[in-house]
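Colleague: Could you walk me through this structure, please? I am new to it.

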Amino acid sequence: MNAQPLKAETATDRHPLAGQAMSGAEVIVQVFAGEGVEVMFGYSGGAILPVYDAVFRYNAEHPRANGGEAMPLIVPANEQGAGFMAAGYARASGKVGVAVVTSGPGATNMVTPVRDSMADSIPLVVICGQVGTAAIGSDAFQEAPISNIMGACAKHVFLVTDAAQLEATMRTAFTLARSGRPGPVVVDVPKDVQNTALAWRGSGELALSGYRTRLRTVEQATLSDTDCAALFTALMRAQRPLIYAGGGVIAAEAADALRAFVDAFGLPVTTTLMGLGGFDSTDPLALHLLGMHGTAYANYAVEDCDFVLALGARFDDRVAGVPDKFAPRAKFIAQVDIDPSEIGKVKAVDWHHVGPLTRALDRLTAYGRAHGLHPQLTAWHARVAELKRAHAMNYDRASALVQPYAVLEAINRHTQGRAIVSTGVGQHQMWAAQYFDFRAPRHWLTSGSMGTMGFGLPAAIGAQFAHPDKLVIDIDGDASIRMNIGELETVTTYNLPVKVVVLNNVGDGMVRQWQKLYFKGRFAASDKSLHKKDFVLAAQADGFAWAQRLERTEELEATIAAFLAFEGPAFLEVMIDPDAGVYPMVGPGASYAQMITGDFIPSRAAPVAHEDSPSHMF
Amino acid sequence: MNHTLSILLQNEAGALVRVAGLFAARGYNIDTLTVAATHDPAVSRLTLSLQCDDASLSQILQQTRKLVDVLQVAHPATALAA
């Protein structure tokens with residue numbers, strides 16, 4: 001694949017346009033075309049104008065059969081929106097998301113989506129215009145040291161100072177973004193490089209021998225019979241084995257291989273926030289989400305298990321807040337990841353494999369089947385079923401106030417895990433993770449590691465471009481949506497049938513929840529009851545023909561049915577119980593045994609008194 | 001414990017900053033740092049020393065190997081002991 005050394009050019013693989021004169025800007029667009037880019041997101045500006053002009057001319061010369069543009073360039077309200085649209089597109093499609101912005105503020109507005117994508121391993125290629133090479137370092141207009149800034153956030157950043165390297169650099173950026181552990185790659189292109197007269201070559205990448213050698217080692221890694229035997233020896237001794245599946249299952253397209261492994265050996269599966277959709281959450285062996293706001297039954301199963309198989313998961317602090325107390329009864333922990341640095345980073349493991357997840361799972365399944373290995377897990381399955389029954393998600397179903405959980409359950413009755421759902425960050429994000437069904441990969445788009453408020457709306461827009469015919473719902477909060485509310489207009493500008501739900505609890509609900517627990521209820525800067533925004537009017541002003549506010553429980557079912565049935569863009573604000581909390585909760589610095597389950601989910605232990613002093617944990 | 005690392009790096013714009021930035025961002029303090037040319041003008045050799053325990057050393061070696069411009073990372077003391 002991409003790791004192969006460059007081939008000598010032969011007549012047969014010569015690009016039809018090879019030798020053609022092109023500007024640097026045209027080269028960039030031609031590489032996009034060659035890489036299969038079907039949509040890009042970006043905001044114009046002085047230092048990127050040559051590329052924008054080249055996109056315009058390319059689209060004029062290459063109409064699609066239906067008259068549409070070959071590579072539409074979608075314009076957000078703010079470059080951060082473009083970055084999250086590209087990320088939403090990438091998360092929903094599995095392809096590389098592309099964003100193109102100008103220098104200085106255009107590029108610095110892109111820093112948050114780039115870091116967000118790095119933290120969640122999402123493949124992006126971001127092209128930033130830069131001031132001319134002669135002006136770099138002169139404090140020129142709209143100049144920022146993007147190579148330095150992005151170098152600290154991205155998988156890699158190129159500053160192209162030699163126009164002769166532009167074509168190979170562009171192609172290499174796509175290879176880097178999608179290979180190994182995926183991530184964002186930034187290409188900073190000075191304006192004079194965009195205007196340089198070049199000859200199109202049509203092939204060739206940068207050598208990057210260090211990266212490619214390491215990549216090849218990882219991609220070619222295989223499990224020996226001894227490796228398989230060691231894992232199965234431990235698995236066959238285990239009485240309560242558990243799979244802990246993370247975002248790597250999605251990134252590696254390994255959901256089918258995971259399904260086959262579970263079918264063969266019967267291990268229950270709990271998923272991280274990023275892993276939702278990697279295993280059908282409606283399956284009897286699915287324990288849904290684990291961690292700080294995981295289901296009580298998943299967290300109890302982690303407490304009880306004696307064997308953990310971590311698949312594309314990294315024991316992060318939202319899962320293993322106290323690594324020593326995570327899965328305390330596990331006698332054997334195994335980990336498979338594509339990134340060598342994740343092995344043992346947080347928690348020491350007894351067995352590990354660094355390599356492509358699908359191949360590893362296929363190999364393990366084949367080995368176990370060939371050796372007739374059938375773990376006897378009847379008792380454990382019964383215990384898992386009992387945990388799911390006894391500690392099921394629940395809330396105040398008799399409340400006169402609209403409960404956010406009820407809203408999500410009502411939406412889920414329509415979508416049943418088949419809609420693409422994006423979220424902002426906070427309580428609404430956790431409720432969506434807890435109360436929706438997740439049946440397939442790439443239907444759940446959330447800012448997991450960075451926790452970026454404002455992610456939901458632009459991510460939904462990007463996802464709708466990836467899947468024009470699918471139902472895409474942004475579940476948002478009143479505070480999160482404010483962060484990128486300018487993108488409401490982007491929804492209507494492109495007439496996208498995105499459905500936007502704002503669960504309005506008049507403030508930063510998750511911050512308030514922590515202030516209640518750890519700061520004696522002093523709601524510093526998290527209350528928005530004096531804020532004046534009328535969200536429905538705002539949506540109408542941005543062209544939403546369907547925009548309504550839901551305030552009464554008796555209208556819930558009918559309103560949600562009408563909202564989801566509307567053909568075009570639709571906006572629903574729901575005034576929810578402002579005191580609704582996210583439970584269960586494993587507090588910062590607490591173990592799963594100390595989990596608070598709230599008033600409506602039975603706990604199996606006496607709740608531990610809350611700490612009153614502010615914790616240094618976060 | 002004191003460790004000395006030897007890193008071969010592609011001579012690209014910003015490559016040195018990325019190595020130094022990685023160590024800073026992950027909370028490692030570089031005690032000494034030398035950058036020298038090699039027989040290949042496209043490659044530089046960084047020699048740096050730092051104080052850390054063995055687990056931290058293993059982690060920073062792995063993280064350094066994730067930098068695209070890095071060709072090779074060696075910890076000569078480990079190599080000698082092995």
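Modeller: I shall start with residues 4-78 of chain B, whose end C-alpha atoms lie 10 Å apart. The span is 35% helix and 39% strand, where helices (H or I, at least four residues) and strands (E, at least two) are DSSP runs, numbered from the N terminus. This is a predicted model, in which local features need pLDDT of at least 70 and side-chain atom pairs count only at pLDDT 80 or more, while totals for chains, interfaces and linings use all residues. Residues are numbered from 1 along each chain as its sequence is written, and chains are lettered from A and ligands numbered from 1 in the order in which they are written.

Colleague: What does UniProt list for residues 4-78 of chain B?

Modeller: The unreviewed UniProt entry gives "domain: ACT" for that span. UniProt positions are in the numbering used here, feature names are shortened, and annotations may be inferred rather than shown by experiment.

Colleague: How many residues of chain B are in contact with chain A?

Modeller: 15 residues of chain B are in contact with 16 residues of chain A; contact requires C-beta atoms, placed from the backbone, within 7 Å. On the chain B side, α1 (15-25), α2 (54-65) and β4 (70-74) each supply at least two residues.

Colleague: And which classes make up the side of chain B that touches chain A?

Modeller: That side has six nonpolar, six polar and three charged residues. Here Ala, Val, Leu, Ile, Met, Phe, Trp, Tyr, Cys and Pro count as nonpolar, Asp, Glu, Lys and Arg as charged, and the others, Gly among them, as polar.

Colleague: Turning to chain A, how is it divided?

Modeller: Chain A has domain 1 (21-218), domain 2 (222-389) and domain 3 (404-575), with bounds from an automatic or database domain assignment. The centres of domain 2 of chain A and domain 3 of chain A, taken over C-alpha atoms, are separated by 31 Å. Each of these two domains gives 15 residues to their contact.

Colleague: Where does Glu253(A) lie?

Modeller: Glu253(A) is in the loop between α11 (247-251) and α12 (255-265) of chain A. Its phi is positive, about 50°, although Glu253(A) is not a glycine. Most residues other than glycine have a negative phi, and most peptide bonds are trans.

Colleague: Is the peptide bond from Tyr583(A) to Pro584(A) cis or trans?

Modeller: The bond is cis, with omega near 0°. Pro584(A) belongs to the segment after β20 (570-575) of chain A.
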